[in-house]
Amino acid sequence: MPEIKPNRILNSRAYKKARTLVTATLQSPDRLLDLVANAQSKAGQIRGGKLAGVIDSISASFRLIKAYASGEYRQISLESMALIVASIIYFVMPFDAVPDFIVGLGLLDDVALLAWTFRSVAQDIEAFIGWEKDQADQTDFNGRG
């Protein structure tokens with residue numbers, strides 16, 4: 001399989017289109033939740049190991065977007081949140097740098113972009129996961145008290 005370079009994707013017309021949708025999406029909890037629902041549906045339809053390298057991060061990013069949409073979690077820079085949202089928008093777009101219907105290649109660009117994004121915001125995702133753990137610990141402690 002050919003390797004797809006993130007710079008090629010970041011400079012593509014499709015990614016630029018995804019970036020134009022970020023501001024409106026971030027300003028609308030409903031749009032954020034719709035984005036997550038669409039991305040979860042697409043991720044659920046993908047068979048095999050295509051998403052294996054990013055599955056934990058993509059799951060965490062879905063939870064992060066939901067928490068951001070609800071206002072529960074805002075301890076992330078707008079730049080990092082925009083990068084995550086742009087990459088998820090790109091992921092759900094059917095016609096991107098390498099259209100999804102091209103068998104064997106269609107998801108390579110999506111996975112390459114997601115992997116690059118998750119490496120770029122790894123500290124933010126780890127901080128969110130830590131926050132989730134703290135929330136669960138507090139709920140557990142308060143629930144038993």
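Student: Which side chain does D110 meet in a salt bridge?

Tutor: A salt bridge here is a side-chain nitrogen of Lys or Arg within 4 Å of a carboxyl oxygen of Asp or Glu. In this structure, D110 pairs with K42, at 3.1 Å from N to O. D110 lies in helix α7 (residues 108–120) and K42 in helix α4 (residues 29–45), so the bridge ties together parts that are 68 residues apart in sequence. Helices (H or I, at least four residues) and strands (E, at least two) are DSSP runs, numbered from the N terminus.

A word on the source: this is a predicted model, where local features need pLDDT of at least 70 and side-chain atom pairs count only at pLDDT 80 or more, while totals for chains, interfaces and linings use all residues. Residues are numbered from 1 along each chain as its sequence is written, and side-chain values use heavy atoms, with hydrogens and water left out.

Student: Are D110 and K42 buried or exposed?

Tutor: Buried means under 20% relative accessible area, exposed over 50%, and partly exposed in between (1.4 Å probe, protein chains only). D110 counts as buried because its relative accessibility is 1%, and K42, at 13%, counts as buried too.

Student: How many salt bridges does the rule give?

Tutor: The count comes to three. One of them joins R63 and E132, at 2.7 Å from N to O. That pair links distant parts of the chain, with R63 in helix α5 (residues 55–70) and E132 in helix α8 (residues 122–144), 69 residues apart. R63 is partly exposed, at 35% relative accessibility. Another bridge joins K133 and D137, at 3.1 Å from N to O. Both of these residues lie in helix α8, four residues apart, about one turn of the helix. K133 is exposed at 52%, and D137 is partly exposed at 39%.

Student: Which residues touch the most other members of the largest nonpolar core?

Tutor: In soluble globular proteins, nonpolar side chains tend to be buried together. A nonpolar core is a set of buried Ala, Val, Leu, Ile, Met, Phe, Trp, Tyr and Cys residues joined through side-chain atoms within 4.5 Å. Here the largest core has 47 residues, and V85 and I88 touch the most other members. Helix α6 gives the largest share of this core, 10 residues.

Student: What is I88 in contact with, beyond its neighbours within four places in sequence?

Tutor: Contact means heavy atoms within 4.5 Å. By that rule I88 meets L35, A39, I58, S61, F62, I65 and L114.
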